[in-house]
Amino acid sequence: TSIVILISGRGSNMEAIVKAAQNEAWPAKIAAVISNRPEAGGLDFAKSHGIETAVLDHRSFKDRASFDAKLVELIDSYKPDLVVLAGFMRILTGDFVRHYEGRLLNIHPSLLPLFPGLHTHEQALEAGVSEHGATVHFVTEALDHGPMVIQASVPVLPGDTPDTLAQRVLKQEHVIYPRAVRWFIDNRLSISENRVLVSPPEA
Ligand code: GRF
């Protein structure tokens, strides 16, 4: 299995996936980590772990469609079976999403369908929920609404700020994202009627 991971920043989710792949000796290769920002911190981690990196700066494209078309070309040069969005902060065109249908995963820092979009921790605090979390889902054209693979929840505690809550959620992201990717690699995920089925491991 060949995997391409897309990042825009810190890349801690990418890091968690790379570490799990190495520690658990996944039958998969992280073929490349691609960032739309040259300054993304995660690029250094990837390089220092022997992973090929590439940058495609969205600012040098005239519009979303031309950026996405070039991004598809770049990603496909690695012949990935799976594309993993890990803090990739660009909205993707329908063409892009359709091209990777069934092999494009994202992590969103909320218990979807609650709080799609940005600033999810602020949204959760404002809404006064007692539970918050993160969701790994297949990407479809409806933003943050694709079939869900796994969720993790954390309590919202008195005195929480967006930052303290984000940290608590992020820890769980680092648990569930590698797990979801592993399930994909092991062919345990199938999508039926917009729902994900996780089949048991092979004996
Ligand atoms: C994570 O909270 C992820 O859920 C969200 O953006 C953040 C990225 O963090 N989409 P990192 O770059 O993986 O550290």
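This is a predicted model: local features need pLDDT of at least 70, side-chain atom pairs count only at pLDDT 80 or more; totals for chains, interfaces and linings use all residues.

Visitor: How far apart are the end C-alpha atoms of residues 3–181, and how much of the span is helix or strand?

Guide: Those end C-alpha atoms lie 9 Å apart. The span is 37% helix and 22% strand.

Visitor: And how many helices and strands in the chain?

Guide: The chain has 6 helices and 9 strands. Its radius of gyration is 17 Å, close to the 17 Å the globule rule gives for 203 residues, so the chain is as compact as a globular protein of that length. The C-alpha trace spans about 50 × 50 × 35 Å along its principal axes.

Visitor: What share of the 203 residues is buried?

Guide: Buried residues make up 36% of them. As for contacts with a separation of 6 or more, 66% come from residues 24 or more positions apart.

Visitor: Okay, switching to the ligand. Which residues come nearest?

Guide: There are 14 residues around the ligand, and Arg10, Ser12, Asn13, Gly87 and Pro109 come nearest. By class, the shell has 6 nonpolar, 6 polar and 2 charged residues.

Visitor: Which elements supply at least two residues of that shell?

Guide: Helix 1 (12–23), strand 5 (104–108) and helix 6 (162–185) each do.

Visitor: Tell me about helix 6. How far does it reach from its first C-alpha to its last?

Guide: Helix 6 reaches 33 Å over its 24 residues, close to the 34 Å expected at 1.5 Å a residue. Its buried residues are Leu165, Val169, Glu173, Ile176, Tyr177, Pro178, Ala180, Val181 and Phe184. After helix 6 comes asparagine 187, with a positive phi near 60°.

Visitor: Take arginine 64 and isoleucine 91. Where do they sit?

Guide: Arginine 64 is in helix 3 (residues 64–76). Isoleucine 91 is in the loop between strand 4 (82–85) and helix 4 (94–99).

Visitor: Why does isoleucine 91 count as exposed?

Guide: Because it has 10 other C-beta atoms within 10 Å, and 12 or fewer means exposed. Arginine 64 has 15 within 10 Å, so it is partly exposed.

Visitor: What about phenylalanine 88, buried or exposed?

Guide: Phenylalanine 88 is buried, with 25 other C-beta atoms within 10 Å. It is placed in the loop between strand 4 and helix 4. Apart from neighbours within four places in sequence, phenylalanine 88 is in contact with Leu6, Ile7 and Ser8. Histidine 145 is 57 residues from phenylalanine 88 in sequence and 16 Å away in space, C-alpha to C-alpha.

Visitor: And phenylalanine 45, where is that one?

Guide: Phenylalanine 45 is in helix 2 (residues 42–48). It counts as buried because it has 20 C-beta neighbours inside 10 Å. Leaving aside neighbours within four places in sequence, phenylalanine 45 is in contact with Gly11 and Glu15. Arginine 195 is 150 residues from phenylalanine 45 in sequence and 34 Å from it, C-alpha to C-alpha.

Visitor: I also wanted to check the backbone. Which peptide bond is cis, with omega near 10°?

Guide: That's the bond from leucine 112 to proline 113. Proline 113 is in the loop between strand 5 and helix 5 (120–127). For context, most peptide bonds are trans, and most residues other than glycine have a negative phi.

Visitor: So what's the phi of phenylalanine 115?

Guide: It's near 55°, a positive value in a residue other than glycine. Phenylalanine 115 is in the loop between strand 5 and helix 5, and it counts as buried with 22 C-beta neighbours inside 10 Å.

Visitor: And what about histidine 119?

Guide: Histidine 119 isn't a glycine, yet its phi is positive at about 55°. Histidine 119 is placed in the loop between strand 5 and helix 5. With 13 C-beta neighbours inside 10 Å, histidine 119 counts as partly exposed.

Definitions and conventions:
Residues are numbered from 1 along each chain as its sequence is written. Helices (H or I, at least four residues) and strands (E, at least two) are DSSP runs, numbered from the N terminus. A residue is near a molecule or strand if its C-beta atom, placed from the backbone, lies within 6 Å of it. Ala, Val, Leu, Ile, Met, Phe, Trp, Tyr, Cys and Pro count as nonpolar, Asp, Glu, Lys and Arg as charged, and the others, Gly among them, as polar. The expected span of a helix is 1.5 Å times one less than its number of residues. The radius of gyration is taken over C-alpha atoms; the globule rule is 2.2 Å times the number of residues to the power 0.38. Two residues are in contact if their C-beta atoms, placed from the backbone, lie within 7 Å.
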